[in-house]
Amino acid sequence: MKEHRSAKAFRSNKEEKQYWILLIFLFALGLLASYGLLVYNNPVPVHSPSFIPVVKRRMVSLIAMIIAAVCQSLSTVTFQSITSNRVITPSLLGFEALYGTIHTSTIFFFGATTFINFSGIGSFLFQVVLMVLMSLILYGWLLTGKYGNLQFMLLVGIMIGSGLKSLSTFMRRLLAPSEFDILQARMFGSVNNADSESFKIAIPIVVIGTILLLFYSKRLNVLSLGKDVCTSLGVKHQSGVIFSLVLISVLMSISTALVGPLTFYGFLVATLTYQAVATYDHRYVFPMALAIGFLIITASYFIMYHIFDAQGVVSIIIELFGGITFLFVLLRKGSL
C-alpha cells in the first residue's frame with residue numbers, strides 16, 4: 001500500500017485541529033488571568049469613580065507582562081532555531097549581565113539618589129541602545145570575520161557576560177548596605193520595574209519586530225535546518241542569521257530594560273511550546289509560544305499576588321521552574 005505523503009505543516013488534520021483547540025484554550029486562560037489581575041480583589045467598589053483609575057494602574061503591569069511575554073517567547077524560539085540547539089537561550093549574549101552592570105555602575109559612581117532617578121524614557125533608551133550596540137558589535141566582529149562562526153560568537157558572549165557579572169559583583173561588595181538593598185530590588189525581574197512612559201517607544205518597536213519575525217517565519221524554517229542544507233536550498237545562511245540576531249537583540253533589550261532580567265523564562269516557554277506543537281513550521285510555533293508565554297506570566301502573577309499574597313517572588317518562582325526545566329532537558333539530552 002502506497003504511503004500518503006504531504007508537505008503540510010501538520011501530519012494530519014487531527015493534529016491541526018488539536019493545535020487550534022489548544023491555542024484558543026491557552027489564550028482564553030491567559031485572558032482570564034489578565035481579567036483577574038485587573039479587577040480581582042480590587043479595594044474600590046465597582047460603582048465607585050475610583051474603580052477605573054485603579055484598573056488603569058494595574059493595566060501598566062499587565063502591558064509590561066505582555067511585552068515581556070512577546071519579547072522573551074519569540075526571541076528564544078528564534079534563537080534556538082538559528083543555532084539548531086534547544087538548550088541555549090539568548091541570555092548567553094550577555095543582556096542580563098550588561099543590565100546589571102549599568103545599574104550597579106550608576107549607583108556605585110553617582111550614588112543612590114541618581115540611581116533612584118535613573119528612570120523614564122531617557123534611561124530606557126540608554127539601556128536599549130547600549131545592549132543593541134553591544135550585540136551588533138558582537139555579530140559584526142564574530143560573524144563576518146575570516147574565522148567567524150556562530151559557536152565562537154556564543155563562546156565570546158558567555159565570556160563577556162561572565163566578565164561583566166564579575167565586575168558588577170566587585171562593585172556591589174563596595175556599596176553601603178542601604179545602597180545594596182536598593183540595587184537588589186532592581187536586579188530581580190519584575191513588572192513593577194516597568195515605566196509607563198517607556199511604552200510609547202517599546203510597544204511600536206515590539207509590534208514591528210513581531211511582524212517581521214512572523215513574515216520571516218518561512219525563512220526560519222530553512223535556517224533551522226543548518227548551514228549546509230540552507231545553502232543547498234539557495235538561502236543565504238549568514239545574512240539570515242544576522243537579520244534574526246538583530247531582531248532578537250532588539251526584543252531582548254526591550255524586555256530586559258523594561259522589566260529586568262528573566263534568564264530562564266524564555267527557555268521555559270520555548271520548551272513547553274515544542275511539547276505542545278507537533279510541527280516544525282514557525283508560523284504555528286510562534287503563536288503557541290506567545291500563548292504559553294502570556295499564560296505563564298499572567299497566571300503566575302495572579303496566583304502569587306491574590307492566592308499566596310507573595311508579590312515579591314513571582315519572577316523568582318518563574319526562574320526556579322525555568323531553571324529546573326533547563327536542568328531536566330540538559331540531563332535528558334546529555335549535552336549542549
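Analyst: A residue counts as buried when its relative accessible area is under 20%. Please note that this is a predicted model.

User: With that in mind, is α12 mostly covered or mostly uncovered?

Analyst: Helix α12 is mostly covered, as 20 of its 25 residues are buried.

User: What span should α12 have, and how far apart are its ends?

Analyst: Helix α12 covers residues 282-306, and at 1.5 Å a residue its 25 residues should span 36 Å. Its end C-alpha atoms lie 35 Å apart, which agrees with that expectation.

User: Turning to pockets, how much space is in the largest one?

Analyst: The largest pocket holds about 880 Å³ of space. Its lining comprises 35 residues, and those closest to the centre are S91, L92, E96, K165 and T263.

User: Which helix gives the most to that lining?

Analyst: Helix α5 gives the most, with eleven residues. Helices that each supply at least two lining residues include α3 (95-116), α6 (177-187) and α13 (314-333).

User: And what is the make-up of that lining by class?

Analyst: The lining of the largest pocket has 16 polar, 15 nonpolar and four charged residues.

User: How many cavities of 30 Å³ or more are there?

Analyst: The count is one. The largest cavity has a volume of about 50 Å³.

User: What lines the largest cavity?

Analyst: Ten residues line the largest cavity, with S190, V191, L262, I297 and Y301 nearest its centre. Helices α12 and α13 each supply at least two of the lining residues. By class, the lining has seven nonpolar, three polar and no charged residues.

Methods: Residues are numbered from 1 along each chain as its sequence is written. This is a predicted model: local features need pLDDT of at least 70, side-chain atom pairs count only at pLDDT 80 or more; totals for chains, interfaces and linings use all residues. Side-chain values use heavy atoms; hydrogens and water are left out. On a 1 Å grid over the protein atoms alone, a cavity is a set of points where a 1.4 Å probe fits but cannot get out, and a pocket is an open set with protein on both sides within 12 Å along at least five of seven lines; lining residues have an atom within 4 Å of a point. Grid points are joined across faces, edges and corners, and a volume is the space filled by probe spheres set on the points. Helices (H or I, at least four residues) and strands (E, at least two) are DSSP runs, numbered from the N terminus. Ala, Val, Leu, Ile, Met, Phe, Trp, Tyr, Cys and Pro count as nonpolar, Asp, Glu, Lys and Arg as charged, and the others, Gly among them, as polar. The expected span of a helix is 1.5 Å times one less than its number of residues. Buried means under 20% relative accessible area, exposed over 50%, partly exposed in between (1.4 Å probe, protein chains only).
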